[in-house]
Amino acid sequence: SSHVVQQQQQHQYIMKFLSAIFLASALNDACAFAPNSMGSYRASTTAVKNQLGNDMDLSGNAWKPDSEKMGSTDTGDYFPEGYDPSTNPDFSEGMMGSQAMLAGGDKGPQLPGMENLGEDAVMMGGIEENSEIPAGMEFVPASVPDGELTFQVAGSGKGGELTFEVKPFCMGFEDYFAAFAPGSHPSLKVTPCAGRMDRRGGESTFMTITCEPRGQAGTFTGDLVVNLPEDMSKLSYKVSVTAF
């Protein structure tokens, strides 16, 4: 029985010894995760302050530009290295097109044979205005006239005249020819007898009717016809002049 008691006591001592070792190990591991003491905190703070005092920021980059100013140090792609504005083409060069240097400042394309056309050039040919009534042209009054024109003149004097306005109605410029139809009184005449009428919306054409009674008295009538052959149209006016 004494031998059994000894074995039990030895077993208890072993268990206590192992418990003590386990407790010591647990305490050591717990200390590893404990926060730093005030002394270590102050030491780390002092180390950070020393670093900032040596021109070091928290990022660890202490480089500064020589100018000590903010700004970009890169050069844009549109300004090549060594760019000098005084030795490079001006921004407006070439804006007038590839033909500008040949035209001497004039606008428009370079046509063969007209490269030197300027203000002193003499143009030959072109569209000519008819000044006479073509031979064989007929002046037939319309059944319904476009207007009536009346005025008075002194029979014993040199006569008189009336100027009236014709507003353009054609889509383009048209030559016109004016005359009194056959059967009209011979004292009636119109000027100009030929010309060019402006296109629609342009300037008006003015014509003047003259009457020279040569001492005669009475009422002189006639039909004034204005032909526009290119437009295939005409104007017709009833004219009545009283000579007293």
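**View 1. A nonpolar patch on the surface.** Ile14, Met15, Phe17, Leu18 and Ile21 make up a nonpolar surface patch whose accessible area comes to about 510 Å² together. A patch here takes residues with over 30% relative accessible area and no salt bridge, joining nonpolar side chains (Val, Leu, Ile, Met, Phe, Trp, Tyr) within 5 Å and like charges within 9 Å. Accessible areas are from the Shrake-Rupley method with a 1.4 Å probe, and for residues only the protein chains shown count as cover. Phe17 sits in helix 1 (residues 2-32) and is exposed, at 56% relative accessible area. For burial, under 20% relative accessible area is buried, over 50% is exposed, and anything in between is partly exposed (1.4 Å probe, protein chains only).

A word on what you're looking at: this is a predicted model, where local features need pLDDT of at least 70 and side-chain atom pairs count only at pLDDT 80 or more, while totals for chains, interfaces and linings use all residues. Residues are numbered from 1 along each chain as its sequence is written, and side-chain values use heavy atoms, with hydrogens and water left out.

**View 2. The whole chain.** Three helices and eight strands make up the secondary structure of the protein chain, in the order α-α-α-β-β-β-β-β-β-β-β from the N terminus. Helices (H or I, at least four residues) and strands (E, at least two) are DSSP runs, numbered from the N terminus. Of the 244 residues, 19% are buried. The chain exposes about 19200 Å², with carbon and sulfur atoms supplying 55% of that. Take the contacts (heavy atoms within 4.5 Å) between residues at least 6 apart in sequence: 68% of them join residues at least 24 apart.

**View 3. Two salt bridges.** Searching the whole structure turns up two salt bridges, each defined as a side-chain nitrogen of Lys or Arg within 4 Å of a carboxyl oxygen of Asp or Glu. In one, Arg196 pairs with Asp175, and the closest N and O atoms are 3.0 Å apart. That pair links distant parts of the chain, with Arg196 in strand 5 (residues 194-197) and Asp175 in strand 3 (residues 174-180), 21 residues apart. Arg196 is partly exposed at 27% relative accessible area, while Asp175 is buried at 17%. Lys238 and Asp223 also meet in a salt bridge, at 3.0 Å from N to O. Lys238 belongs to strand 8 (residues 233-243) and Asp223 to strand 7 (residues 218-228), so this pair ties together parts 15 residues apart in sequence. Lys238 is partly exposed at 41%, and Asp223 is buried at 17%.

**View 4. The largest nonpolar core.** It has 24 residues, and Phe164, Ile209, Leu224 and Val239 have the most contacts inside it. Such a core is a set of buried Ala, Val, Leu, Ile, Met, Phe, Trp, Tyr and Cys residues joined through side-chain atoms within 4.5 Å. The elements giving two or more residues to this core are strand 1 (147-153), strand 2 (160-166), strand 3, strand 4 (188-191), strand 6 (205-211), strand 7 and strand 8. Strand 8 supplies the largest share, five residues. Val239 touches Leu149, Phe180, Leu188, Ile209, Phe220, Thr221, Gly222 and Leu224, leaving out residues up to four places away in sequence. Apart from this core lies another, of six residues, among them Phe139, Phe177, Ala179 and Val225.

View 5. Lys234 is in strand 8 and is partly exposed, with 34% relative accessibility. Lys234 and Phe177 are 57 residues apart in sequence, yet 9.3 Å apart in space, C-alpha to C-alpha.

View 6. Most residues other than glycine have a negative phi, and most peptide bonds are trans. The peptide bond from Thr191 to Pro192 is cis, with omega near -10 degrees, and Pro192 sits in the loop between strand 4 and strand 5. Arg214 has a positive phi, near 60 degrees, in the loop between strand 6 and strand 7, and is exposed at 72% relative accessible area. Met232 also has a positive phi, near 55 degrees; Met232 lies in the loop between strand 7 and strand 8 and is exposed at 76%.
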